[in-house]
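User: I'd like to learn how to read a structure model, one feature at a time. Could you walk me through this one?

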Amino acid sequence: MSEPQQREKKKGLFRKLFGAGAPEELQPGGATDTSAASAPDAPSAPDAPDTPSAPSTPSVLSVSSVLSVPSVPSVPSAPSVPAPAPEVPKEGFFARLKKQLSKTKTSLVEKVRQVISFHGKVDEELLEEIEMILIQSDVGVETTTKIVDQMRKKSAARGAQDAQALIPLFKEALLEIVSHSERLIRLRPAPPTVVLVIGVNGTGKTTTIGKLAKEYRLQGKKVLLVAGDTFRAAAIEQLAIWAQRAGCDIVKQEMGSDPGSVCYDALATGKAGNYDVILIDTAGRLHTRSNLMEELKKVVRVIQKVIPEAPHETLLVLDATTGQNAVSQTRTFSEAVGVTGLIMTKLDGTAKGGILIAIRDLFDIPILKIGIGEQEGDLRDFDPESFVEALFEA
């Protein structure tokens, strides 16, 4: 077979294997074919049978492209009914009192318990440590000395050797101090009862008046509030809010007005309107400023021009967080206008509630109310036994 015939035969074989579109470089005799020039002729191979091409793989269609599923309209869900909130049991008075006095209990009674447990026996060293704890809790030096002397005498008289015997003696001493001359706010059988509320700035006078008004309204009393604090910004508005909340009337004038004039108009209105209780707010004043104390005396004189025996109660509001400063406030206000009762606020926010014990020991003025929180019901009648029990309750 001649060389041209052999080349044509090879081309036919490539066309069968690769088809008509075989690349030129793979075809025998092409531009890049060097096998013919470099290699001797190979014997021709018999024609190979045609190889069937593999069947093409069909493309995979998604179900969504084949089936058009009509959208189902959403069914509106039924409105959810909230589950009823579990009923929270109301906190009893004693439980709340114990909770709110926890800071004073920790700093006073619990520390005394700790040093007594550490010592184990009654001696002077133990009594001196108890003295230091009481003084640090604002019981005061004079009252502390009285308490420790009483514990010393009673423990010796009873022959107490175990230090644990001092705990009931300590409790007895506190109860004896805070429980004398106790009473409640007195309302006159023939109205109106005029209550003058005084104190330094920030003790909570206006809030205390609002809580008292709410209490008397719940008792069915007809109450009149008097905005006698005409100096402090927003004092009149604050009292007006309390009047609305308590559901009682209020007498007020413009800020900067003469407080004596406000009181005069209010008492005339109170008498004419047959009010049961008239609560008079006054501007906060520093007990060290004699001119401000003179203004307070003037207010009292104006009140007595309308109702000679008024005010029937003069309540001094003390902030328990001020500590021993409350002692000087009580002394100065009592000398100026004759305080008939004390209200001690913010006992829940201090670890120095021992000041109540000191005040009760140093002055023959009853503590009528105590404030143990911000809620309306947190202004409570002072119960000496409950107070002491709350401090010692485990």
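User: How confident is the predictor in this chain, and where is confidence lowest and highest?

Analyst: pLDDT is the predictor's confidence in each residue, from 0 to 100. This is a predicted model, numbered from 1 along each chain as its sequence is written, where local features need pLDDT of at least 70 and side-chain atom pairs count only at 80 or more. Totals for chains, interfaces and linings use all residues, while side-chain values use heavy atoms, leaving out hydrogens and water. Here the chain averages a pLDDT of 80, and 74% of the residues score at least 70. Helices (H or I, at least four residues) and strands (E, at least two) are DSSP runs, numbered from the N terminus. Confidence is lowest in helix H3 (residues 63–66), with a mean of 35, and highest in strand E1, at 97.

User: Which residues stay under 50?

Analyst: Where pLDDT is low, the predicted coordinates should not be read in detail. That applies to a stretch here: pLDDT stays under 50 over residues 22–72. For these residues the model has 17 contacts beyond four places in sequence, a contact being heavy atoms within 4.5 Å.

User: Which residues touch the most other members of the largest nonpolar core?

Analyst: A nonpolar core is a set of buried Ala, Val, Leu, Ile, Met, Phe, Trp, Tyr and Cys residues joined through side-chain atoms within 4.5 Å. Buried means under 20% relative accessible area, exposed over 50%, and partly exposed in between (1.4 Å probe, protein chains only). The largest core has 74 residues, and Ile130, Ile147 and Phe170 touch the most other members. Helix H8 (residues 166–178) gives the largest share of this core, 8 residues. Leaving aside residues up to four places away in sequence, Phe170 touches partners including Leu108, Leu134, Met151 and Phe392. A second, separate core holds 22 residues, among them Ala243, Cys248, Leu279 and Val317.

User: Where do the buried residues of helix H11 fall, seen down its axis?

Analyst: The idea is to look at the arc of the directions from the helix axis to the C-beta atoms. In H11 the buried residues are Pro259, Gly260, Val262, Cys263, Ala266, Leu267 and Gly270. They fall within an arc of 150 degrees, so they line one face of the helix. Their cover includes strands E1, E2, E3 and E4 and helix H12.

User: How many disulfides does the structure hold?

Analyst: A disulfide is a pair of cysteine sulfur atoms within 2.5 Å, and this structure holds 0. Cys263 counts as buried because its relative accessibility is 1%; Cys248, at 12%, also counts as buried.
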